[in-house]
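Biologist: I'd like to learn how to read helix packing, strands and a chain contact in a model like this. Can you walk me through it?

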Amino acid sequence: MTETAIAHPAGDGRPVSPSAGAPAGTPPALELAGVHKAFDGKPALIDAGFTLRRGEVHALVGENGAGKSTLMNVATGVYAADAGRELVDGELVRIRGPVDAAAAGLGMVHQHFRLVPRFTVAENVRLALGRRAGSPAAAAALVAAKAEEIGFPVRPDARVADLSVAERQRAEILKVLLLGARVLILDEPTAVLTEQESDALLAFTARLAAQGGSVVLITHKLREVAARADRVTVMRQGRTVLDGAPIASVTPAEVARLAVGATVAPVARPRRAPGGPALTVEGLSHRREDGGVTLDGLTLALREGEVLGLAGVGGNGQSELVACLAGLATPRAGSVALAGRDVTMASPAARRDLGLRVVPADRFAFGLVRGFTVADNLALAALRRGRYGSPLGVARRRIRRDAEAAIRDHEIHGATPGRSTGLLSGGNAQKVLLARELDDAVRVLVAHSPTRGLDVRAAQAVQAAIAAAAERGVACLLISEDLEELMALSARIAVINRGRIVGEMPVEEASAAALGALMVGHA
Amino acid sequence: MLDGLVITRRFDTPAWLSALVFLAGIAAGLAMATALLVAIGVPASALFDEVIGEAFMTASGLAQTLTFATPLICVGLSAAVALRLRFWNIGIEGQLWLGALGATAVALGDFGPEATRLPLMLLAAALAGAAWIALPLVLKLRLGVNEVITTLLLGSIAFLFAQHLLFGAWRDPATGFPISLAFDASERLAALGFGRTHLGLPIALAAALLVWFLVDVTRLGFYGRAVGENIEAARAAGVPVIAVTCAFVLLSGALSGLAGGLIVAGTEHRMSLTLGAGYTFSGIVIAFLGRFRPLATVVVAVIIGGVFTASDVFKVFYGISEAVVVLLQGLVLFGVLVAQFFGAYRISRANWGTTP
């Protein structure tokens, strides 16, 4: 991180000065002041404020749980605030829900898109616009015209389920704009995108602002959006700690310090000498039910105490590899061995007995049970090893005691043994999963995007836990799209592309450029 | 008016609040039920006498209530066990018919010595019920067929099968009515000496205890909750998902079958075509009211048994129909389910739009 101020890339014609946006005297496009919001007595917003000008791209920065999304959900009527006021174009408004928000010209693109997967893009637009969209043909024409206008290729007749994440996001943005949004709020829009897709999206927001629209970019990675934003607001623990500063006037380090409250030390790479073979994958092939090839003769070897990084653009077989390793999917060919023992067809339980532990990309899909208490989730896997009594009785007290210890040791904030896991923030839920998977018997850890969506401190804690496990001799397969994270933790980095390993190098020889070329190459 | 209100999800619902909300829900449901009965002409003054007085306070009424409750406990447990796994057993009646047929087959066929006849009848009832749910279970596990459809339709098939037997091989040769011959004395559950109550009541209570032990104490019960909440996470954590699913679902079928066995061996003493109607609905209502907890299910089953007793009185004296009895159960369930909202959410006043 440099201490220099962020400069806009030369030549894109965007103003750098705080004079960006509408001339002085024009009321703000959106103004929130004195907003208070508590969830069941737990304050989420404390006297928070936010001011968005016409014609600007405004970065709203903060850690997970800082209140960024909550504040924008209040602005668009998803949540009702306990106190505060909201002005749109200088008028006091009261937004009670999506209909009011659309009428006021506010549109929000949530992290989880509000699209019906079985519908086409045009059908989704008709669903949102109602009578205004007209006939199916008229709706399709509307979509095509708007796509043309904003320079976003979106096919009106494509089924949403068949679209990539980036295309779905475009469809959602298009829908929100067709609903009449003059203020476009994007919640963590780059979290699910590749670098190229992010660039295209951010260029689009700049164009929209140049045409007089206003854009809010909610993010916890300021550097991703800094080059395209005019001003930045920073939130920490429900409060606005930096209110609309021109982006050129602050450094990323200042913003990070404001957002976190303290700086975080990077995690040191484990230095242990690798031991014997721990996980051996040979010629693994897998197909989707529709016949699409996901894994195509993938081979890799992992030794004890070693972190092997697996880089790759999402959707190149990573999820299927994790499922095949966990025993939740059956490969068509190839073999998987743990410490020399073939487990290709073994059950998930048998693999666990051999010390395999898995942290999937979506922790609530096949990691944690959302409705379970923290204690029950922590105990679930260890029950069969007899840690919590015989099959005829579950040792509740021991489960509770172990959970208290795990919550303390892993600093799982907001957790009590009896609290429902679904109520924890993403970072703390991830810590619960790691606490369970990194138990005494772990030999091999497969972690898929373990820090995605986590804030700086939670991500650091997760990385530190993985590094510490490797120092203890655990073999770690770290699958990630975050090259910085891979280079910080791994001894070797392999690249997965179209279901096969297309290159592998020691970290000393790895560079973002070299890895990037392998990731997008058509080898 | 509602503008000033903010509704937020509670992080934790304290036990006293859960209990309060549950009781308030029952009270609201009973109030709606009372209004319904008054509206169709039952004098309000008679309601207390008939429901509380007749169903629970007199010896004969209480005995009748407990007799009704005996199979209700079993079907309530059956629904609760399956629903814990999110397995929608809509074929409770079908399994109950099969259970009744199984017990009747043993009785009419005079299988085994007389001393073991009754245990054999009840065993046959439970096994027949389990067998009847095994088909939807296998279809779901192997082919992903939705169990709502298969269990529901197998219920109709079971009834038709009962008809087939009672209009055919088992028809009473003396009268020609579609009922079987009466069972011998050794094929009837002993009376407890309190009204029509019979040995089935302690058997149902023992079943409730057994189910409580299985789902609330053992590891199998813990696994069952995990499978019900997130089957993929359970599988990944090493839970033997298929074995757990089979155990819970077959137990559900066996409990419904047992209910059928208790009815023919305890109260009817013969097979007929009227003994099984309405038990699917009652079982699901009881399971929900008991929040899928086995021991609470017993209490709720007795209360619903009281509603049945009172309804018999209403039917005789005020001419209300069977449909109203179903409606009464529905209203109480409705009250409890709606009331749960107040346990899960907090409602407070907002101060929005003012100058801070």
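Predicted model: local features only at pLDDT ≥ 70, side-chain atom pairs only at ≥ 80, totals over all residues.

Biologist: At what angle do the axes of H3(A) and H4(A) cross?

Modeller: Helices (H or I, at least four residues) and strands (E, at least two) are DSSP runs, numbered from the N terminus. The axes of H3(A) (residues 121-129) and H4(A) (residues 136-150) cross at roughly 105° and come within 9 Å. The two helices are therefore roughly perpendicular (65 to 115 degrees; under 35 is roughly parallel, over 145 roughly antiparallel, the rest oblique).

Biologist: Which residues of H3(A) make the contact?

Modeller: Contact means C-beta atoms, placed from the backbone, within 7 Å. H3(A) brings Val121(A), Ala122(A), Val125(A) and Arg126(A), and among the H4(A) residues are Ala139(A) and Leu142(A). The contact divides into eight nonpolar, no polar and one charged. Here Ala, Val, Leu, Ile, Met, Phe, Trp, Tyr, Cys and Pro count as nonpolar, Asp, Glu, Lys and Arg as charged, and the others, Gly among them, as polar.

Biologist: And how do H7(B) and H12(B) pack?

Modeller: H7(B) (residues 200-217) and H12(B) (residues 294-318) pack at about 150°, axes 8 Å apart, which makes them roughly antiparallel. Their contact includes Trp212(B) of H7(B) and Pro294(B) of H12(B).

Biologist: Now strands: is E18(A) enclosed or open?

Modeller: In a regular strand the side chains alternate between the two faces of the sheet. Six of the six residues of E18(A) (475-480) are buried, so the strand is largely enclosed by the rest of the structure. Buried means 20 or more other C-beta atoms within 10 Å of a residue's own (exposed is 12 or fewer, partly exposed in between), with C-beta atoms placed from the backbone. Ala475(A), Leu477(A) and Ile479(A) lie on one side, and Cys476(A), Leu478(A) and Ser480(A) on the other.

Biologist: Which strand pairs with E18(A) over five bridges?

Modeller: Pairing takes at least two DSSP bridges. E13(A) (residues 307-311) pairs with E18(A) in the parallel sense over five bridges, and five bridges also join E17(A) (residues 444-448) to E18(A), again parallel.

Biologist: How many residues does each chain give to the contact between chains A and B?

Modeller: Chain B gives 29 residues and chain A gives 36. H8(B) supplies the largest share of chain B's side, five residues.

Definitions and conventions. Residues numbered from 1 in each chain as written. Chains lettered and ligands numbered in written order. Contact = placed C-beta atoms within 7 Å. Axes fitted to C-alpha atoms, helices over the stretch in contact; angles between N-to-C directions.
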